[in-house]
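Let's take a friendly walk through the charged side chains of this protein. Have the viewer open and follow along from pair to pair.

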Amino acid sequence: MLGKNILLCVTGGIAVFKAAALTSKLAQSGAHVKVIMTESACKFVAPLTFQALSRNEVYTDTFDEKHPEKIAHIDLADWADLVLIAPATANMIGKLANGIADDMVSTTILATTAPVWVAPAMNVHMYGHPAVRRNLETLKGFGYRLIEPADGHLACGYTGKGRLEEPENIVALLKDFFSGGPKPLSGKTVLVTAGPTIEKIDPVRFLSNRSSGKMGFALAEEAANMGANVLLVTSVDTLAPPAGTEIIKAESAEEMYHAVMGRYKEADIIIKSAAVADYTPVRVFDKKMKKQPGNLTLELKRTKDILKELGERLDKPFLVGFAAETDHLENYARGKMERKRADMIVANDVSREGAGFAGDTNIVTIFKRDGSKRELPLLSKHEAAREILREICREIEKDEKK
Ligand code: CTP
C-alpha cells in the first residue's frame, strides 16, 4: 500500500463512522488518502474528521474549486490509483449504474480510469431489493469490484446482510490487490459449469430448474482472482461475465456435454456446479404445440451424465461435483462421489434458509475422497467459492507431492 493513492468516496449512511476508522487504517498502511464526501455523508460525520485522519483537504462540492489551475474532480480522478466507495449507499449505487453525475462523488467516478471498489452498507431489505441487485450487477459489468457487506446487527434494528465490511478486512483486500494477491491457481486452467440447463419442448416452451448460476459465476470469478485461466460453460446470460473468464454458451444438457467434452483436456480442474437436467424431451416440436382436449403426456429420455463420463476418462482432471439435496445429504453426496468418480463433492441442503438456489448465500459441506468432510457456515457465495477453491488447491498440492 506504500505510496498508493487511494480516493475514498464516503456516501451517506450510518456506516460513515466506520469510514473514519478505514481512513485511519489506510493512512497507517502507508497509502496517500484523499476523501470526497456527499452532502448526506457530512450529516453523519463532519469533514474535519476525515481531513484530520487523511491529512488532506476533504472534497464535498463539485463547484467549490479551491485551486484555479485545476479542475478538482478531474484532478482527483487522475490522481487515484484506486477509488473506494465506502460506505456505498443504494442511492449512489443506483446513480453510478445509470451514469448519473450530479455530485462530486459520482462525477469523479465517471471521470476516473482507476479500478473502482464498492463497499455497500444498508438495510437488509434494501440490499435485497431487485433494483439494488440489478444495479450491482451493472457495476460488476463495468468491472467494479464489490466488497460484499457482512451479516450481523444493523443500525436499523434488523439482523442480516448489510453491515459495511470491517475496515481491517477492506484494507487486507486492497493490500492483496496491490501486491497481486496470492495466486495459488496461476498456470492452471479451471473449467466451471454454471446454472440450469434448458431443455426445449417447442419454440416457446422448455423444461428447466431453479438454479441461478450465481454459485458457478462466483467460483469462476474467484478462480480468476486466484490466477487461473477460466472457462465458464453456462446457459445463463443474466449475470455479468466475470472479468478474465472465457464464456462458452451451452443451453441444453446435450450442448453442455459437447462444450465440456470439447474442452476438458485443457482443464486441470473441472467444477460441475451446473444443475444439469437428468431428462430431456424425446421429441422437440419445431412449431408451437397447440392444446388438445384431454391430458398431455411428454415422453422424456435420459441425458448423458457429463460428470460420470469425465470420471471414467483416464486423463481426467481434478473433478468437483455438486449435489443439491433436500434430505440424506451425506449419503447422497458420498454416493455421487463414488458413482461419478469425482475427487470432491460440494453438497448443500437447498431446503435450508440461506442455502437456496437464487440467493447470494450458501451453506455447503465439502466431501473428499479420503472420507473427510468440511462443513462451512452460512457464507456469501463468493466466500464459499473462495473456501471451495482453497480446499481444491490443498488437495491438488497433496496429489502433486505424491
Ligand atoms: N451432472 C452432470 N450431468 C448430468 C447430471 C448431473 O454432469 N446429466 C453433474 C452435476 O453438474 C453435479 C453432479 O452431477 O455436479 C450431481 O448432479 P445431480 O443431478 O444431483 O446428480 P444425479 O446423479 O443426477 O443424482 P440424482 O439422483 O439426485 O438425480
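What follows is a tour of some salt bridges and their surroundings.

The model is predicted, so to speak of local features a pLDDT of at least 70 is needed, side-chain atom pairs count only at pLDDT 80 or more, and totals for chains, interfaces and linings use all residues. Residues are numbered from 1 along each chain as its sequence is written, and side-chain values use heavy atoms, with hydrogens and water left out.

In total there are 33 salt bridges in the structure, each being a side-chain nitrogen of Lys or Arg within 4 Å of a carboxyl oxygen of Asp or Glu. Start with Glu325 and Lys336, whose closest N and O atoms are 2.4 Å apart. Glu325 belongs to strand β17 (residues 318–325) and Lys336 to helix α13 (residues 329–340), so this pair ties together parts 11 residues apart in sequence. Helices (H or I, at least four residues) and strands (E, at least two) are DSSP runs, numbered from the N terminus. Both Glu325 and Lys336 are buried; buried means under 20% relative accessible area, exposed over 50%, and partly exposed in between (1.4 Å probe, protein chains only).

Next, Lys373 pairs with Glu330 at 2.9 Å between the closest N and O atoms. Lys373 is partly exposed at 40% relative accessible area, and Glu330 is partly exposed at 30%. Lys373 also meets Glu375 in a salt bridge (3.7 Å, N to O), and Glu375 is exposed at 58%.

Finally, look for a network of salt bridges that links Lys368, Arg374, Glu387, Arg390, Glu391, Arg394, Glu395 and Lys398.
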